[in-house]
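Hi,

Here is the structure I promised to pass along.

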Amino acid sequence: MDHHQIIRPHALAQVISAEREELQQGDMPIFRTRPGSRDLWSSTNERITDFFDEPSMALVKRRVQQLSDEDLSQQLWFIRASLATLAKEPDRVRWPSYRLTESQTVATPERLMTAARAVGDRLAALALRDAGDVSWIGLIHTHERYWSITPLGMDLYDGLPGVALFLAYLGAITQEERYAVLAHDTLTTLRRQVERCQSFITAICGFTG
């Protein structure tokens, strides 16, 4: 198994027994293990042998060995984005100013299409997928002064609806199914989020809510 440890029934019965005993004594059940061990220890130092099917260190090593260049690129982006949010004194941050100048490049349909494809391909590379769901981690501007790295939400401007809309248009214009499929999966994720968060949705407008 790549993602989950297999817990053996006899070991699980020992854990339940130790947990019940500690609760009856008014203690909070705590269990620990060691990176190179398959065993588990209770807070009273009771050893439960062969609780895991393999040591956690072996599981981590196998997962690392399975990582690809795409995984490396994605993790590097997470690190760079996290560092970009570290404003120690936000009240003293000076926002850069820009001066509009005449563009020296002609925005032809071909150039625009190339740029749109590059954005779509980048979204596909950074997508987090799981059983029909797809989402992204992004930089969100909060309170007009802070940036935070967080999963995309339900806002059109900086959330899943905007990504789905862009990908759907890109798939329709290019006639490439991969963009359309990604847009459909994004919409599926969005619908599930709406169903789970109905009680928290208090506003509807053009860009947020």
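Let me start with Arg38, which counts as partly exposed at 28% relative accessibility (buried means under 20% relative accessible area, exposed over 50%, and partly exposed in between, with a 1.4 Å probe and protein chains only). Before going further, some housekeeping: this is a predicted model, where local features need pLDDT of at least 70 and side-chain atom pairs count only at pLDDT 80 or more, while totals for chains, interfaces and linings use all residues. Residues are numbered from 1 along each chain as its sequence is written, and side-chain values use heavy atoms, with hydrogens and water left out.

Which residue does Arg38 form a salt bridge with? The partner is Asp50, and the closest N and O atoms are 3.7 Å apart. (A salt bridge here is a side-chain nitrogen of Lys or Arg within 4 Å of a carboxyl oxygen of Asp or Glu.) Arg38 sits in the loop between strand 1 and strand 2, and Asp50 in the loop between strand 3 and helix 2 (56-65), so the pair ties together parts that are 12 residues apart in sequence. Asp50 is partly exposed too, with a relative accessible area of 33%.

How many salt bridges are there in the whole structure? A search finds seven.

- Asp121 pairs with Arg178, with the closest N and O atoms 2.9 Å apart. Asp121 is in helix 4 and Arg178 in helix 6, so this bridge ties together parts that are 57 residues apart in sequence. Asp121 is partly exposed at a relative accessible area of 32%, and Arg178 is partly exposed at 46% relative accessibility.
- Asp133 pairs with Arg192, with the closest N and O atoms 2.5 Å apart. This links distant parts of the chain, since Asp133 is in strand 5 (residues 133-135) and Arg192 in helix 6, 59 residues apart. Asp133 counts as partly exposed at 25% relative accessibility, and Arg192 does at 33%.

Salt bridges that share partners also join Arg117, Asp121, Glu176 and Arg178 into one network.

**Overall layout**

The protein chain has six helices and seven strands. (Helices, H or I of at least four residues, and strands, E of at least two, are DSSP runs numbered from the N terminus.) Reading from the N terminus, the elements go α-β-β-β-α-α-α-β-β-β-β-α-α.

Three strands make an open sheet in the order 1-2-3, with antiparallel pairing (two strands pair if DSSP finds at least two bridges between them). Strand 1 (31-32) and strand 3 (47-48) are at the edges with a single partner strand each, so one side of each is left without a neighbour in the sheet. Strand 2 (residues 40-42) pairs with strand 3 in the antiparallel sense over two bridges, and Leu40 stands opposite Ile48 in strand 3.

**The cores**

As a reminder, nonpolar side chains tend to be buried together in soluble globular proteins. The largest nonpolar core here has 16 residues, and Trp136, Leu152, Val163 and Leu167 have the most contacts inside it. (A nonpolar core is a set of buried Ala, Val, Leu, Ile, Met, Phe, Trp, Tyr and Cys residues joined through side-chain atoms within 4.5 Å.) Helix 4 (109-126), helix 5 and helix 6 (177-196) each supply at least two residues of this core. A second, separate core of six residues includes Val15, Ile48, Phe51 and Phe52, and Ile48 is the residue that stands opposite Leu40.

What does Leu152 touch, not counting residues up to four places away in sequence? The list is Ser135, Trp136, Gly138, Ile140, Asp158, Gly159, Leu160, Val163 and Gln193 (contact means heavy atoms within 4.5 Å).

Asp155 is in the loop between strand 7 (146-151) and helix 5, and counts as partly exposed at 25% relative accessibility.

**Confidence and totals**

The chain averages a pLDDT of 84, and 89% of the residues score at least 70 (pLDDT is the predictor's confidence in each residue, from 0 to 100). Among the elements, strand 6 (residues 137-142) has the lowest mean pLDDT, 80, and helix 5 (residues 160-174) the highest, 96. Buried residues make up 23% of the 209 residues.

Cheers
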